[in-house]
Amino acid sequence: MSTHMGTESGTNGGSGSQTPPRRDAGDPRGARPGSFPGAFPIGPAISFLRRFRAGLDAGGELPAALGEAGSALPRELREALDRLVKRQAGDYQEDEWGFDEEFADALLPFLEFLYDRWWRVETVGARNVPGHGRALLVANHAGIVPWDATMISVGLVREHPLPRYPRFLVLDWAFQLPYISVAMRKVGGVVASPYNALRLLEQDELVAVFPEGIKGAGKPFKDRYRLERFGRGGFVELALRTGSPIVPVAVVGSEEIYPKVGESGAIARLLGAPYFPLTPTFPWLGPLGVVPLPSKWRIEFGEPIETARFGPEAAEDRSFVFELSEQVRETIQNKVYENLVERGSAFL
């Protein structure tokens, strides 16, 4: 089953004041290589830019638009810095998985900027996702870095009448990366394992998995939008055992943000990573090469597939599990092709 919010390995939680337990497949929080300094107050900056753009779009002069946009900036900065100081002192809450809703909310303006302006994401079918209770989001996977997971999350928060943050399953090795791993955990990332996924669903969480796993994230650009195999159907077993509806999710746009033209096995072994991608910009442009290209995205949430009627015993029927897994895969593949047509040009 997938890890990154999936990767091939399985499907894929404590108070910040407690000593973290040893990390293994059953530890929901993953590695904690260092503390995260808290949410940088980017919200006020994004809000300022939005007000400034709105003022210009409304026909206002540049000085007036700047003045109106900046009127609330001192108060917003003061409030953001106050929150940052409190977080530095440990005054914040995480659930047992390490999810920090305040942090996620603070980061949301930046992610919304990417969603609205950088990738111009169009999300359809968000109402197909249950507004409460357990459910399993199953999506295609690409883009090397899990931006597809974050955009799915923003799409639900923005477009669903009952917004909720999904918990996404992340490849184990990613939790060994300083700071990045902590941030992923705080916004809903969980170490990918069947045990963690089962616990999350039993807690009535919304869980997102990418059954293509590392094969999907690292596929060459020439193979874009051709879904890899879904492994042995581990996500179907979990859905059947917990009676969770499966919601197919098709993501178009993530394949173009880091076009993979090759990889370096030597650097991958040095870093302990599954692969080290080479793109037209990375690593040749240094840090600038990490900036994702501004492709245009479409995300579609399909009709949920109910599994409760089959009963948990159906999880023992290997042929049925494989058949249902293939049905989900074919549904996502067809939706991907449809949305490629709807999207049109990748960058215009």
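Is Thr-279 buried or exposed, and what is its relative accessible area? The structure is a predicted model, in which local features need pLDDT of at least 70, side-chain atom pairs count only at pLDDT 80 or more, and totals for chains, interfaces and linings use all residues. Residues are numbered from 1 along each chain as its sequence is written, and side-chain values use heavy atoms, with hydrogens and water left out.

Thr-279 is buried, with a relative accessible area of 2%. Buried means under 20% relative accessible area, exposed over 50%, and partly exposed in between (1.4 Å probe, protein chains only). Thr-279 lies in the loop between β8 (277-278) and β9. Strands (E, at least two residues) and helices (H or I, at least four) are DSSP runs, numbered from the N terminus. Leaving aside residues up to four places away in sequence, Thr-279 touches Ile-144, Tyr-258, Pro-259, Lys-260, Val-261 and Trp-284. Contact means heavy atoms within 4.5 Å.

Strand β9 also belongs to an open sheet of 7 strands. The order is β1-β9-β6-β2-β5-β3-β4, and the pairing is mixed. Two strands pair if DSSP finds at least two bridges between them. β1 (122-124) and β4 (189-191) are the edge strands, each pairing on one side only. From one strand to the next, the twist averages 25°. β1 pairs with β9 (residues 298-301) in the parallel sense, over 3 bridges. Here Thr-123 stands opposite Ile-299 in β9. Helix α11 (residues 318-343) packs on the sheet and touches β2 (135-139), β6 (246-252) and β9. The direction of α11 makes about 35° with that of β6.

Helices α4 (residues 101-118) and α5 (residues 147-159) pack at an angle of about 95°, their axes 10 Å apart. Axes are lines fitted to C-alpha atoms, for helices over the stretch in contact, and angles run from 0 to 180 degrees between N-to-C directions. α4 and α5 are therefore roughly perpendicular to each other (65 to 115 degrees). Among the residues that meet are Leu-108, Phe-110 and Leu-111 in α4, and Trp-147, Met-151 and Val-154 in α5. By class, the contact of α4 with α5 has 9 nonpolar, 1 polar and 4 charged residues. Ala, Val, Leu, Ile, Met, Phe, Trp, Tyr, Cys and Pro count as nonpolar, Asp, Glu, Lys and Arg as charged, and the others, Gly among them, as polar.

Of the 13 residues of α5, 11 are buried, so α5 is largely enclosed by the rest of the structure. The buried residues include Trp-147, Asp-148 and Met-151.

Conventions. Angles under 35 degrees count as roughly parallel, over 145 as roughly antiparallel, 65 to 115 as roughly perpendicular and the rest as oblique.
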